[in-house]
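Hi everyone, thanks for coming. Please have a look at the structure on the screen, and then I'll walk you through a few parts of it.

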Amino acid sequence: MKNNKTYAGISEEFAMPKTSNIVLLSVPYDGTSTWQKGADKGFEAFLDASENMELYDIETDSEVYKQGVYMPDPITENSSPEAMVEAVHQVVKKYINRNKFVTIFGGEHSISIGTIRAFNEHYNNLTVLHLDAHADLRKSYEGSTFNHACALYEASQETNLIQVGIRSMDVSEKMVMDTDKVYFAHDIAYDDYWMDSALDQMTDEVFITLDLDVFDTSIMPSTGTPEPGGLLWNETLEFLKKVFQQKNVVGFDIVELCPNPTNKAPDFLAAKLYYKMLSYKFYNQDEAENIEDDYDNQDIETPFNKLSKFKDYDNS
């Protein structure tokens, strides 16, 4: 399978492998999902929605695609879950070593085992921020340690794992789960300080793995295992924005889009989410690079002066 398109239909000028700062890997794998199938079609739906998205981000006053977004050929290994995980691991590691900002779109959540493994080998003391309806902490499921229900088990043993939005799990996962670093959906609804608490528990380098079923089914019904009572759009972006502002997000993946041909809105949500996360990442990077200029020109009016959400750097 070859990629004959560019991300979001952007010009080839911004999609070249050597000059692009961002790599978008696709893993159309749906081998271990246990209810609704279709996550292997998620990337195609995501790409189609991206081509119909405005590429100017109002909030950050930016066009992040100009950083360059290169899409290699999809990772199509599907002979076994183990083989798929190893293929993802090797390809992700290759692009990390090329100093690219690596992003991955699934596919179901088992792809993240290989992704997280590659990032954890590269970064010391990595935090994995896991946004999901499900804990995904089973050591083995249906005879495999590479099942989507086991997607975060290895991360729980090898990294600083923080989980957000959880509202469905098996009782056996309680033995593995560090409940001090879990922000259950029912608690989030009544805790005004959960975002700050989660941030305080993160190390400097953070990898984000986001299962789209973390969102409430009212805005994201197109997943393999939808769960009611999830997060909404603005609160999720508020949290992600804080993470990108305060931490070095080294990469991220988005998984479990199971498209419904009669409802394109969830596909567009996934496309917009990916672009917002890129916009936050490179806005934050540009801020750091230009901080001396900011001090020298404090009285100059810019679009960012009006974005009060981006001016709060008080971590107290």
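Let me start with two definitions: helices (H or I, at least four residues) and strands (E, at least two) are DSSP runs, numbered from the N terminus, and the expected span of a helix is 1.5 Å times one less than its number of residues. What you see is a predicted model, in which local features need pLDDT of at least 70 and side-chain atom pairs count only at pLDDT 80 or more, while totals for chains, interfaces and linings use all residues. Residues are numbered from 1 along each chain as its sequence is written, and side-chain values use heavy atoms, with hydrogens and water left out.

How confident is the predictor? pLDDT is its confidence in each residue, from 0 to 100; the mean for the protein is 90, and 87% of the residues reach 70 or more. Over residues 299-316, though, pLDDT stays under 50. Where pLDDT is low, the predicted coordinates should not be read in detail.

Overall, the protein has nine helices and eight strands. Of its 316 residues, 53% are buried, meaning under 20% relative accessible area, with exposed being over 50% and partly exposed in between (1.4 Å probe, protein chains only).

Now to helix 2, residues 81-97. Its 17 residues reach 24 Å from the first C-alpha to the last, close to the 24 Å expected at 1.5 Å a residue. Which of its residues are buried? They are Pro81, Met84, Val85, Val88, His89, Val92, Tyr95 and Ile96. These residues lie on the same side of helix 2, because they cover an arc of only 145 degrees around the axis, taken from the directions from the helix axis to the C-beta atoms. An α-helix has 3.6 residues a turn, so residues three or four places apart point the same way.

What covers that buried set includes strand 1 (22-27), strand 2 (69-70), strand 3 (101-106) and helix 3 (111-122). Just after helix 2, Asn99 takes a positive phi of about 65 degrees.

Helix 1 (residues 42-50) is mostly covered too, with seven of its nine residues buried. Among them are Phe43, Phe46 and Leu47.

One last stop is Lys181, in the loop between strand 5 (160-166) and strand 6 (182-184). Lys181 counts as partly exposed because its relative accessibility is 23%. From C-alpha to C-alpha, Lys181 and Met202 are 9.6 Å apart in space, and they are 21 residues apart in sequence.

Key. Contact means heavy atoms within 4.5 Å. pLDDT is the predictor's confidence in each residue, from 0 to 100.
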